[in-house]
Amino acid sequence: MQFVTNEERKHDETHRGDGGTIGSRRSSAGLAPPKSTEKRTGEDEIRAATLWSAIIRGEPTTRGRMHEVVLTDGVARLIKSRPARLWQNRAMMQLLNRRPERPLAVALALECRIWSGGGEVDDALLVEVLERAAIIASGRQIRERHVFTVEEREDPRILVRLARSTEGA
């Protein structure tokens, strides 16, 4: 065991030979190792830059079933279908407790991994849910979209990650 006086501790905490600061003379055992200076690539880089992420459980609505045509006052209108509205409401319930303190208001990259029962899933419905749940300020701030799909009928879900966009703000 090493005893250090208060004067030595103050000096050690504030001075180092190259002008930087150090913690103390005590052993660094038990402290986290220094961060690597190696450049991260691919998926590691996306995970490190992630601002927010969540998993939404449930079968997302396919692109073909996303809209319905209705006649109002003799005019045909395209509206969101009932299955799409139901999926959005279920997704909203899952996201309400996962939202950040304030909506993200920077240029974003959306990574979306979809496990569903088949069919083409439109990410526009997801972006609308993120906006309605106050996770993002606006759908227009999404500059990059990375969508990956896998067919899995047993446990349909969507993994959503939002990170800072590498494209211009």
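These legends walk through several close-up views of one predicted protein model.

The model is predicted, so local features need pLDDT of at least 70, side-chain atom pairs count only at pLDDT 80 or more, and totals for chains, interfaces and linings use all residues. Residues are numbered from 1 along each chain as its sequence is written, and side-chain values use heavy atoms, with hydrogens and water left out.

**View 1. The whole protein, element by element.**
Let's start with the parts list: the protein has four helices and six strands. Helices (H or I, at least four residues) and strands (E, at least two) are DSSP runs, numbered from the N terminus. Reading from the N terminus on, the order is α-α-β-β-β-α-β-α-β-β. Of the 169 residues, 30% count as buried. Here buried means under 20% relative accessible area, exposed means over 50%, and partly exposed is in between, all with a 1.4 Å probe and protein chains only. Now for contacts, meaning heavy atoms within 4.5 Å. Among the contacts with a separation of 6 or more, 76% come from residues 24 or more positions apart.

Helix α3 takes in residues 82–95, which makes 14 residues. From its first C-alpha to its last it reaches 20 Å, close to the 20 Å expected at 1.5 Å a residue; that expected span is 1.5 Å times one less than the number of residues. Which residues of α3 are buried? They are A84, W87, Q88, A91, M92 and L95. These residues sit on the same side of α3 because they cover an arc of only 140° around the axis, where the arc is that of the directions from the helix axis to the C-beta atoms. On the face turned away from that buried side you'll find the exposed residues R82 and M93.

**View 2. What α3 packs against.**
The buried residues of α3 pack against β1 (50–57), β3 (75–80), α4 (123–132) and β6 (157–164). The helix lies across β1 and β6, running at about 125° to β1. For such angles, axes are lines fitted to C-alpha atoms (for helices, over the stretch in contact), and the values run from 0 to 180 degrees between N-to-C directions.

**View 3. The open sheet.**
Strands of a sheet pair through backbone hydrogen bonds, either parallel or antiparallel. In this view, four strands form an open sheet in the order β1-β6-β4-β5, with mixed pairing. Two strands count as a pair if DSSP finds at least two bridges between them. At the edges are β1 and β5 (142–151), each pairing on one side only. On average, neighbouring strands of this sheet are turned by 10° against each other, direction ignored.

**View 4. Strand β4 and its partner β5.**
Strand β4 (residues 108–116) runs parallel to β5, and nine bridges join them. Look for L110, whose bridge partner in β5 is R145. Also in β4 is E111. Is E111 buried or exposed? It counts as buried, at 5% relative accessibility. The side chains of E111 and R113 are joined by a polar contact of 2.5 Å. A polar contact is a pair of N or O atoms within 3.5 Å; within protein, one must be able to donate a hydrogen and the other to accept it, and residues adjacent in sequence count only if both atoms are side-chain atoms.

**View 5. Helix α4, from start to finish.**
At the start of α4, a side-chain oxygen of D122 reaches to within 3.2 Å of the backbone nitrogen of A124. Further into the picture, D123, L125, L126, V127, V129 and L130 are buried in α4. The buried residues of α4 pack against β1, β3, α3, β4, β5 and β6. The helix lies across β1, β4, β5 and β6, at about 120° to β5. After α4 comes A134, in the loop between α4 and β5. Phi of A134 is near 60°, a positive value in a residue other than glycine. With 25% relative accessibility, A134 counts as partly exposed.

**View 6. The β2–β3 hairpin.**
Strand β2 (residues 67–72) runs antiparallel to β3, and six bridges join the two. H67 stands opposite K80 in β3. How many residues lie between β2 and β3 in this hairpin? There are two residues between them. D73, in the turn, has a positive phi of about 55° although it is not a glycine. D73 is exposed, with a relative accessible area of 80%.
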